[in-house]
Amino acid sequence: MDEHEEISYKTLRRLQQAEQASSILTKINVNFYQDLSLYMKTLERSIENEKNPLKLKLFSDEIQNTKKIANSIYELREKKIVQAALATVRSATTDLKYFLDVEKKLYTALVEQILVSRKEIFEEPADRHEKKQPTPPKVDQPKRDPNTNPIVRALEDTPEFIGTD
């Protein structure tokens, strides 16, 4: 997505396809999430101002589809960020040139947390782990009410019912 390209359904769809096709983050505008928010607000205002029921349905469908695509783009990027953080912890080098600032924060926090967790697991003595492990809270099972419906067992064949249908 170009730096100055305005967000539309078409550009979002193109970005989604690019993210799906690439194993690394694709280049997007540094203000992408802010621009996306403004675009969504514009669509919502269009619904508020629209009187024609056909156009109203069209706008509401576009909002719903845009939300799905935006969520998909974020989840694709999020997955790549998590994979990059894990690769970094496992001694790989990661190129952060297409990471947005908010994504860099997520990446850094993930790397730090993975390193802390690894240190706790592999470098601290085993007896300290046992003391730190909180006991899981006891969950009371709801008591079952006894079955008040009697069980009936037919010991003999019953005669055929005859009646009007």
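I began with contact, which means heavy atoms within 4.5 Å. Helices are DSSP runs of H or I with at least four residues, numbered from the N terminus. This is a predicted model, in which local features need pLDDT of at least 70 and side-chain atom pairs count only at pLDDT 80 or more, while totals for chains, interfaces and linings use all residues. Residues are numbered from 1 along each chain as its sequence is written, and side-chain values use heavy atoms, with hydrogens and water left out.

**Entry 1: α1 against α3**

I looked up which residues of α1 meet α3. From α1 they are Y9, L12, R13, L15, Q16, E19 and Q20, and from α3 they are E62, N65, T66, I69, S72, I73, L76, R77 and K80. By class I noted six nonpolar, five polar and five charged residues in this contact. Here Ala, Val, Leu, Ile, Met, Phe, Trp, Tyr, Cys and Pro count as nonpolar, Asp, Glu, Lys and Arg as charged, and the others, Gly among them, as polar.

Next I checked the geometry. Helix α1 covers residues 9-21 and helix α3 residues 53-89; they pack at an angle of about 30°, and their axes are 10 Å apart. Axes are lines fitted to C-alpha atoms over the stretch in contact, and angles run from 0 to 180 degrees between N-to-C directions. That angle makes α1 roughly parallel to α3, a label for angles under 35 degrees.

**Entry 2: salt bridges**

Side chains of opposite charge can pair when their charged atoms come close. I counted a salt bridge where a side-chain nitrogen of Lys or Arg is within 4 Å of a carboxyl oxygen of Asp or Glu. How many salt bridges does this rule give? The count is four.

E19 pairs with R77, with 2.5 Å between the closest N and O atoms. E19 is in helix α1 and R77 in helix α3, so the pair ties together parts 58 residues apart in sequence.

R77 also meets E103 in a salt bridge, at 2.7 Å from N to O. This pair links distant parts of the chain, since E103 lies in helix α4 (residues 101-122) and R77 in helix α3, 26 residues apart.

Are E19 and R77 buried or exposed? Both are buried, meaning under 20% relative accessible area with a 1.4 Å probe, protein chains only (exposed is over 50%, partly exposed in between). R77 has 1% relative accessibility, and E103, at 3%, is buried as well.

I noted that salt bridges link E19, R77, K80 and E103 in a network.

How values were computed:
Helices (H or I, at least four residues) and strands (E, at least two) are DSSP runs, numbered from the N terminus. Angles under 35 degrees count as roughly parallel, over 145 as roughly antiparallel, 65 to 115 as roughly perpendicular and the rest as oblique.
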